Amino acid sequence: EIPFDMEKVCEKIMDNALHEKDYAIVVVAEGATALGGDVISKGCGEVGRSEVLLGGIGEWVASEIRQRTEKDTRSLVLGHLQRGGSPTTFDRLLAMRFGAAAIRLVEKGEFGRMVALASPHMSSVTLEVAVKSRKKVNMQSDKVLTARDIGICLGD
């Protein structure tokens, strides 16, 4: 979701070639926008949301890279595939916590709510609140700062 400069992304790709690195992996969040550009979407909002249905930015970025660098590009939407793999102990414990919290909601007769992790505790929110808006990346988060520290180009 960081507004990115397509020129800087392409510069990074071309810089890789100068160091005999003939490939680049460009990751694009579905909510990302080019500097001065609009959000690319698939159309109307999802049920319960006022926002548009995001999608298509990855293909647009691949096309721009192809045009600007004359390099072969591929666009791949990972979707739920990226969430695959064997569950860790943390995953299993978290699933149990979600399940137990959901049962507690049912026992209390609290319907129309979603279980949420508000670390370190389980909580619940109404479905209207849960789907009202998308969560954005915190630009000061440790993950973003670490990515920058190790030389990952975030396109800004």
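I took a disulfide to be a pair of cysteine sulfur atoms within 2.5 Å. I worked on a predicted model, in which local features need pLDDT of at least 70, side-chain atom pairs count only at pLDDT 80 or more, and totals for chains, interfaces and linings use all residues. Residues are numbered from 1 along each chain as its sequence is written, and side-chain values use heavy atoms, leaving out hydrogens and water.

**Cysteines.** I looked up disulfides and found 0. The sulfur of cysteine 10 has its closest cysteine sulfur in cysteine 153, at 9.8 Å, which is too far for a bond. I then checked accessibility, with buried meaning under 20% relative accessible area, exposed over 50% and partly exposed in between (1.4 Å probe, protein chains only). Cysteine 10 counts as buried because its relative accessibility is 4%; cysteine 153, at 34%, counts as partly exposed.

**Core.** I defined a nonpolar core as a set of buried Ala, Val, Leu, Ile, Met, Phe, Trp, Tyr and Cys residues joined through side-chain atoms within 4.5 Å. The largest has 10 residues, including Cys10, Ile13, Ile57 and Ile65. Helix H1 (6-18) and helix H2 (57-69) each supply at least two of its residues, with helices taken as DSSP runs (H or I, at least four residues) and strands likewise (E, at least two), numbered from the N terminus. H1 gives the most, 4 residues.

**Isoleucines.** Leaving aside residues up to four places away in sequence, I found isoleucine 13 touching Ala24, Val26, Ile65 and Lys71, where contact means heavy atoms within 4.5 Å. Isoleucine 25 lies in the loop between H1 and strand E1 (41-43) and, at 76% relative accessibility, counts as exposed.
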